[in-house]
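Please keep the sequence and the structure in view while reading.

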Amino acid sequence: MANVSVFNMEGNEVGKMDLNDAIFGVEVNENLIHMAVVQHLANKRQGTQKAKTRGEVSGGGRKPWRQKGTGHARQGSTRAPQWKGGGVVFAPVPRDYSFKMNKKEKRIALKSALSDRVQEGRVIVLDELKLDEIKTKAFAKVLENLKIGGKSLFVLGDMDQNVILSARNLPDTKTTQTSEINVYDIMNAQTLVMTKDAVAKIEEVYA
(Lines give C-alpha, C1' and ligand atoms only; values in the text may rest on other atoms or scores of the structure.)
Protein backbone atom coordinates (compact mmCIF):
# COMPACT_ATOMS: atom_id res chain seq x y z
CA MET A 1 0.00 0.00 0.00
CA ALA A 2 1.44 3.36 -1.07
CA ASN A 3 2.16 5.78 1.74
CA VAL A 4 2.30 9.49 0.93
CA SER A 5 2.96 12.60 2.96
CA VAL A 6 0.11 14.99 3.74
CA PHE A 7 0.88 18.71 3.57
CA ASN A 8 -0.94 21.83 4.67
CA MET A 9 -1.32 24.99 2.58
CA GLU A 10 1.90 26.40 4.06
CA GLY A 11 3.85 23.49 2.58
CA ASN A 12 4.55 21.79 5.91
CA GLU A 13 4.16 18.04 6.32
CA VAL A 14 1.40 17.32 8.82
CA GLY A 15 1.08 13.56 8.54
CA LYS A 16 1.07 10.43 6.41
CA MET A 17 -1.70 8.75 4.43
CA ASP A 18 -2.13 5.27 2.98
CA LEU A 19 -3.55 5.08 -0.53
CA ASN A 20 -5.78 2.20 -1.60
CA ASP A 21 -3.78 -0.15 -3.85
CA ALA A 22 -6.98 -1.09 -5.72
CA ILE A 23 -6.92 2.43 -7.19
CA PHE A 24 -3.46 3.93 -6.69
CA GLY A 25 -1.40 0.75 -6.93
CA VAL A 26 -2.68 -1.15 -9.96
CA GLU A 27 -0.56 -2.34 -12.88
CA VAL A 28 -0.41 0.54 -15.37
CA ASN A 29 -2.20 -0.25 -18.64
CA GLU A 30 -0.57 2.14 -21.10
CA ASN A 31 -2.79 1.02 -23.97
CA LEU A 32 -6.01 2.02 -22.18
CA ILE A 33 -4.47 5.29 -20.98
CA HIS A 34 -3.60 6.13 -24.57
CA MET A 35 -7.08 5.17 -25.74
CA ALA A 36 -8.70 7.35 -23.06
CA VAL A 37 -6.54 10.36 -24.00
CA VAL A 38 -7.30 9.92 -27.71
CA GLN A 39 -11.02 9.59 -26.93
CA HIS A 40 -11.00 12.77 -24.84
CA LEU A 41 -9.31 14.77 -27.61
CA ALA A 42 -11.49 13.24 -30.34
CA ASN A 43 -14.69 14.01 -28.43
CA LYS A 44 -13.64 17.66 -28.13
CA ARG A 45 -13.27 18.06 -31.92
CA GLN A 46 -16.05 20.08 -33.52
CA GLY A 47 -15.75 18.33 -36.86
CA THR A 48 -17.17 21.35 -38.71
CA GLN A 49 -14.61 21.45 -41.55
CA LYS A 50 -16.09 21.71 -45.06
CA ALA A 51 -14.88 22.24 -48.64
CA LYS A 52 -16.84 22.03 -51.89
CA THR A 53 -16.56 19.20 -54.37
CA ARG A 54 -16.85 19.86 -58.11
CA GLY A 55 -20.57 19.16 -57.88
CA GLU A 56 -21.05 21.93 -55.30
CA VAL A 57 -19.01 24.74 -56.91
CA SER A 58 -21.24 27.13 -58.87
CA GLY A 59 -20.77 27.50 -62.63
CA GLY A 60 -18.92 25.21 -65.01
CA GLY A 61 -21.99 23.82 -66.72
CA ARG A 62 -20.62 24.44 -70.22
CA LYS A 63 -17.57 22.89 -71.86
CA PRO A 64 -14.80 25.53 -72.08
CA TRP A 65 -14.04 24.48 -75.68
CA ARG A 66 -15.08 21.80 -78.11
CA GLN A 67 -13.88 18.23 -77.62
CA LYS A 68 -11.50 18.00 -80.62
CA GLY A 69 -9.46 20.16 -82.94
CA THR A 70 -8.26 22.91 -80.60
CA GLY A 71 -4.87 21.50 -79.64
CA HIS A 72 -5.88 21.63 -75.98
CA ALA A 73 -6.54 18.64 -73.77
CA ARG A 74 -10.24 17.81 -73.60
CA GLN A 75 -12.09 19.52 -70.76
CA GLY A 76 -15.64 19.06 -69.56
CA SER A 77 -15.95 21.84 -66.98
CA THR A 78 -14.05 24.82 -65.61
CA ARG A 79 -15.00 23.61 -62.13
CA ALA A 80 -13.01 20.37 -62.39
CA PRO A 81 -10.32 19.96 -59.67
CA GLN A 82 -7.41 20.85 -61.97
CA TRP A 83 -8.89 24.28 -62.73
CA LYS A 84 -8.37 27.39 -60.63
CA GLY A 85 -11.61 27.87 -58.72
CA GLY A 86 -12.56 24.25 -59.21
CA GLY A 87 -13.83 21.83 -56.59
CA VAL A 88 -11.73 19.71 -54.24
CA VAL A 89 -11.33 16.04 -55.16
CA PHE A 90 -11.95 14.42 -51.76
CA ALA A 91 -13.30 17.44 -49.91
CA PRO A 92 -13.59 17.28 -46.10
CA VAL A 93 -17.16 17.23 -44.83
CA PRO A 94 -18.66 17.73 -41.35
CA ARG A 95 -18.27 14.56 -39.29
CA ASP A 96 -18.36 13.26 -35.75
CA TYR A 97 -14.93 12.12 -34.53
CA SER A 98 -16.13 10.85 -31.15
CA PHE A 99 -15.99 7.20 -30.13
CA LYS A 100 -16.92 5.26 -27.03
CA MET A 101 -15.05 3.27 -24.41
CA ASN A 102 -16.90 0.86 -22.19
CA LYS A 103 -17.17 1.55 -18.46
CA LYS A 104 -14.69 -1.15 -17.46
CA GLU A 105 -12.04 0.24 -19.81
CA LYS A 106 -12.60 3.77 -18.51
CA ARG A 107 -12.22 2.66 -14.87
CA ILE A 108 -9.01 0.74 -15.61
CA ALA A 109 -7.61 3.70 -17.57
CA LEU A 110 -8.35 6.11 -14.72
CA LYS A 111 -6.85 3.80 -12.09
CA SER A 112 -3.79 3.30 -14.32
CA ALA A 113 -3.33 7.06 -14.70
CA LEU A 114 -3.60 7.63 -10.93
CA SER A 115 -1.22 4.74 -10.21
CA ASP A 116 1.28 6.10 -12.75
CA ARG A 117 1.35 9.49 -11.04
CA VAL A 118 1.88 7.83 -7.64
CA GLN A 119 4.69 5.60 -8.94
CA GLU A 120 6.47 8.61 -10.43
CA GLY A 121 6.13 10.57 -7.18
CA ARG A 122 4.00 13.28 -8.75
CA VAL A 123 1.15 13.19 -6.22
CA ILE A 124 0.72 15.71 -3.40
CA VAL A 125 -2.01 15.29 -0.79
CA LEU A 126 -3.31 18.35 1.07
CA ASP A 127 -5.11 18.14 4.39
CA GLU A 128 -7.45 20.85 3.08
CA LEU A 129 -7.60 23.66 0.53
CA LYS A 130 -9.68 26.62 1.69
CA LEU A 131 -9.47 30.29 0.77
CA ASP A 132 -11.33 33.07 2.57
CA GLU A 133 -11.75 35.11 -0.60
CA ILE A 134 -11.32 34.93 -4.36
CA LYS A 135 -7.71 35.97 -4.78
CA THR A 136 -5.27 34.65 -7.41
CA LYS A 137 -2.32 35.86 -5.34
CA ALA A 138 -3.40 33.64 -2.43
CA PHE A 139 -3.58 30.57 -4.65
CA ALA A 140 -0.22 31.38 -6.22
CA LYS A 141 1.22 31.47 -2.69
CA VAL A 142 -0.04 27.91 -2.11
CA LEU A 143 1.77 26.80 -5.30
CA GLU A 144 4.92 28.49 -4.06
CA ASN A 145 4.66 26.87 -0.62
CA LEU A 146 4.25 23.42 -2.17
CA LYS A 147 7.13 24.09 -4.62
CA ILE A 148 4.94 23.24 -7.61
CA GLY A 149 6.32 24.16 -11.01
CA GLY A 150 4.90 23.40 -14.43
CA LYS A 151 1.39 22.15 -15.09
CA SER A 152 -0.64 21.08 -12.07
CA LEU A 153 -4.10 19.60 -11.52
CA PHE A 154 -5.92 20.27 -8.23
CA VAL A 155 -8.66 17.74 -7.43
CA LEU A 156 -11.27 18.96 -4.95
CA GLY A 157 -13.76 16.87 -3.04
CA ASP A 158 -16.55 19.44 -3.44
CA MET A 159 -17.28 22.57 -5.44
CA ASP A 160 -15.39 25.51 -3.91
CA GLN A 161 -15.91 28.75 -5.85
CA ASN A 162 -13.19 30.63 -3.96
CA VAL A 163 -10.54 28.07 -4.91
CA ILE A 164 -11.78 27.53 -8.48
CA LEU A 165 -12.00 31.22 -9.33
CA SER A 166 -8.70 32.02 -7.61
CA ALA A 167 -6.89 29.43 -9.75
CA ARG A 168 -8.64 30.33 -13.00
CA ASN A 169 -6.15 33.00 -14.10
CA LEU A 170 -3.07 30.84 -13.49
CA PRO A 171 -2.14 29.46 -16.95
CA ASP A 172 -0.57 26.14 -15.88
CA THR A 173 -3.06 25.33 -13.11
CA LYS A 174 -6.38 23.55 -13.46
CA THR A 175 -8.96 22.61 -10.83
CA THR A 176 -11.53 19.86 -11.03
CA GLN A 177 -13.82 17.82 -8.78
CA THR A 178 -13.72 14.09 -8.17
CA SER A 179 -16.91 13.69 -10.22
CA GLU A 180 -15.23 15.29 -13.27
CA ILE A 181 -11.74 13.81 -13.05
CA ASN A 182 -10.46 12.32 -16.31
CA VAL A 183 -7.38 10.56 -17.67
CA TYR A 184 -6.34 13.36 -20.02
CA ASP A 185 -6.14 16.00 -17.27
CA ILE A 186 -4.22 13.62 -14.98
CA MET A 187 -1.63 12.72 -17.63
CA ASN A 188 -1.36 16.30 -18.89
CA ALA A 189 -0.35 17.57 -15.45
CA GLN A 190 3.18 17.28 -14.09
CA THR A 191 1.87 17.39 -10.52
CA LEU A 192 -1.41 15.97 -9.24
CA VAL A 193 -2.62 17.66 -6.06
CA MET A 194 -5.56 16.12 -4.17
CA THR A 195 -7.21 17.04 -0.91
CA LYS A 196 -7.76 14.29 1.66
CA ASP A 197 -11.47 14.65 1.04
CA ALA A 198 -10.96 14.11 -2.71
CA VAL A 199 -8.84 10.99 -2.10
CA ALA A 200 -11.56 9.55 0.15
CA LYS A 201 -14.24 10.17 -2.47
CA ILE A 202 -12.16 8.63 -5.28
CA GLU A 203 -11.53 5.54 -3.17
CA GLU A 204 -15.23 5.34 -2.29
CA VAL A 205 -16.34 5.49 -5.94
CA TYR A 206 -13.66 3.42 -7.68
CA ALA A 207 -12.62 0.85 -5.05
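In which sense do strands β1 and β2 pair, and over how many bridges? Strand β1 (residues 2–7) pairs with β2 in the antiparallel sense, over 6 bridges; N3 stands opposite D18 in β2. Strands (E, at least two residues) and helices (H or I, at least four) are DSSP runs numbered from the N terminus, and two strands pair if DSSP finds at least two bridges between them. The model is predicted, so that local features need pLDDT of at least 70 and side-chain atom pairs count only at pLDDT 80 or more, whereas totals for chains, interfaces and linings use all residues. Residues are numbered from 1 along each chain as its sequence is written, and side-chain values use heavy atoms, with hydrogens and water left out.

The two strands belong to an open sheet of 6 strands in the order β2-β1-β3-β6-β4-β5, with mixed pairing. Its edge strands are β2 (13–19) and β5, each of which pairs on one side only. From one strand to the next the twist averages 30°, where axes are lines fitted to C-alpha atoms (for helices over the stretch in contact) and angles run from 0 to 180 degrees between N-to-C directions.

Within this sheet, β4 deserves attention. Strand β4 (residues 152–156) is largely enclosed by the rest of the structure, because 5 of its 5 residues are buried; buried means under 20% relative accessible area, exposed over 50%, and partly exposed in between (1.4 Å probe, protein chains only). In a regular strand the side chains alternate between the two faces of the sheet. Here S152, F154 and L156 point one way from β4, L153 and V155 point the other way, and all are buried.

On one side, 5 bridges join β4 to the parallel strand β5 (residues 173–177), with L156 opposite Q177. β4 also pairs in the parallel sense with β6 (residues 191–195), over 4 bridges, and the bridge partner of V155 there is M194. Together with helix α5 (residues 161–167), β4 and β5 make a right-handed β-α-β unit; a crossover is right-handed if, with the strands pointing away from the viewer, the path from the first strand over the helix to the second runs clockwise.

The packing comes next. In soluble globular proteins, nonpolar side chains tend to be buried together. A nonpolar core is a set of buried Ala, Val, Leu, Ile, Met, Phe, Trp, Tyr and Cys residues joined through side-chain atoms within 4.5 Å. The largest has 30 residues, of which F24, L114, M194 and I202 touch the most other members. Helix α3 (residues 103–119) gives the most to this core, with 5 residues. A second, separate core of 16 residues includes M9, L129, V142 and L156.

Aromatic rings complete the picture. Rings of Phe, Tyr and Trp (its six-membered ring) pair if their centres lie within 6.5 Å; planes under 30 degrees apart count as stacked, over 60 as edge-to-face and the rest as tilted. By this rule there are 2 aromatic pairs. W65 and W83 form a tilted pair, 5.9 Å centre to centre with 45° between the planes. W65 is partly exposed, at 25% relative accessible area, and W83 is partly exposed at 26%. F139 and F154 form an edge-to-face pair, 4.9 Å centre to centre with 65° between the planes. F139 lies in helix α4 (residues 136–145) and F154 in β4, so this pair ties together parts that are 15 residues apart in sequence. Both F139 and F154 are buried.
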